[in-house]
Amino acid sequence: MSTSPEKRIVVTGMGTTSPLGGNVADTWDALLAGRSGARTLPYEWVAEYELPVTFGATLAVPSAQVLQKIELRRQDPCAQYALIASREAWADAGSPDVEPERLAVAVGSGIGGITTLVTAWETLRTKGPRRVFPLSVPMLLVNSPTGAVAIEFKAQAGGHTPVSACASGAEAISSAIHTLRDGRADVVIAGGTEAAIHPLPIGGFAAMQALSTRNDAPELASRPYDTGRDGFVIGEGAAILILETYEHAKARGATIYAELLSAGLSNDAFKAAAPEPEGIGAAAAMTAALRTGDIDPKRVVHLNAHATSTPVGDIAECKAIHAAFDDDIDHIAVSATKSMTGHLLGAAGALEAIFTIKAINERLAPAQINLVDRDPAIDLDIVAGEPRKLPDGDIVGLDNSFGFGGCNIALAFANVT
């Protein structure tokens, strides 16, 4: 339990649509089973643009199988995914009876409505301005998922959209802490969404040599900490948490999955698309999470690493974890779940927050896959092969998220007894 005199923040609902499943239960089961969500892309544009990378971690359940036609027509995929995940999370939380002016939304995205943007441009270029879809602008905005979720649940206490690359979803969750502790809302719908499996982002990431090129074996491509890692696997989806004050949750008899103790934020201020190699900024984020949450490092038994499967990034994060925990590192079980989900960019931190919550709630750390030849430079207690039982008692799990521009965020969750 947190010893902070500030308001306690708890998680009462979770929702997702991911490469592993169309909801939290299916996604978690697939994660524990070690299934990969990476697959060859079925789209004609892969050959049309001669993309050097022909696979990605696409949704296990396409939004067209879940949403109504009018929702598909009027929302960019990034907003569609956020709606699906939010509806599950809201129902999971028991559909809280909260006044609109006491309900807020924070949904982050790194790229936003790329499909709508490029489609509108093609329409303008080939057919002229009169044929551009009238809702193109509100659909392509990065805050369109926040707006869609706010409208869905009549949330009037605020609509926030952190845009911090691959840390966006985690930052949205961190912003909920301030919203709730400042007394601006009793409940916050928070998380991240991304729908960037599109020729432009894939072409751009490939040009940066950031993506794995294992086109012949997509399920083996995401391999954090392995000497054969050659880049990340692009993924898509959304993940949403329902966060509220402990008092509000208890008063309505809600199920509490975990306590969000704190968030640590920092910036590398180093390079636009590369981490600071010694992990100084990432370590500062983890240290800040421990400090602001008044967390004894000995309580931290699990860490869901950012671990994208890039040669440089994995080593920098390893150094950061050592710097943040020093002698307390030996009792921290490290999971690298992007080995299965791929990298959901702006939604990654939120999805991995769900994994962290599930891990400490069920006391079971997921095992990564594709770790065949471990990089000797990665000296962490990596969970591989089989999921690992976590200790009994009062435990804490950390969720690391880092993004282009040097953004670093660490979220700390505790079990609630």
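Predicted model: local features only at pLDDT ≥ 70, side-chain atom pairs only at ≥ 80, totals over all residues.
Hi everyone, let me start with a convention: two strands pair if DSSP finds at least two bridges between them. Strands (E, at least two residues) and helices (H or I, at least four) are DSSP runs, numbered from the N terminus.

Residues are numbered from 1 along each chain as its sequence is written, and side-chain values use heavy atoms, leaving out hydrogens and water.

Now, the sheet. Ten strands form an open sheet with mixed pairing, in the order E5-E4-E6-E7-E1-E8-E14-E13-E9-E10. At the edges sit E5 (159–160) and E10 (333–335), each pairing on one side only. Inside that order, E6 (residues 187–194) and E7 (residues 237–245) run antiparallel and are joined by eight bridges, with Val187 standing opposite Glu244 in E7.

Which strands flank E9, and in what direction do they run? Four bridges join E9 to E13, in parallel, and three join E9 to E10, also in parallel. His302 has Gly397 as its bridge partner in E13 and Ala333 as its bridge partner in E10. From E9 the chain crosses through helix H12 (residues 311–325) to E10 in a right-handed β-α-β crossover; right-handed means that, with the strands pointing away from the viewer, the path from the first strand over the helix to the second runs clockwise. Five of the five residues of E9 are buried, so E9 is largely enclosed by the rest of the structure. Buried here is under 20% relative accessible area, exposed is over 50%, and partly exposed is in between, using a 1.4 Å probe and protein chains only.

On to packing. A nonpolar core is a set of buried Ala, Val, Leu, Ile, Met, Phe, Trp, Tyr and Cys residues joined through side-chain atoms within 4.5 Å. The largest one has 52 residues, and Ile173, Leu241, Leu243, Leu411 and Phe413 have the most contacts inside it. Helix H14 gives the most to this core, with nine residues. Apart from it lies another core of 31 residues, Ile329 and Ala410 among them.

Last, a residue I like: Glu276, in the loop between E8 and helix H11 (280–292). Is Glu276 buried or exposed? Glu276 is buried, at a relative accessible area of 14%. A polar atom of its side chain lies 2.8 Å from the backbone nitrogen of Gly279. Thanks, all!

How values were computed
Polar contact = N/O pair within 3.5 Å; in protein donor to acceptor, adjacent residues only side chain to side chain.
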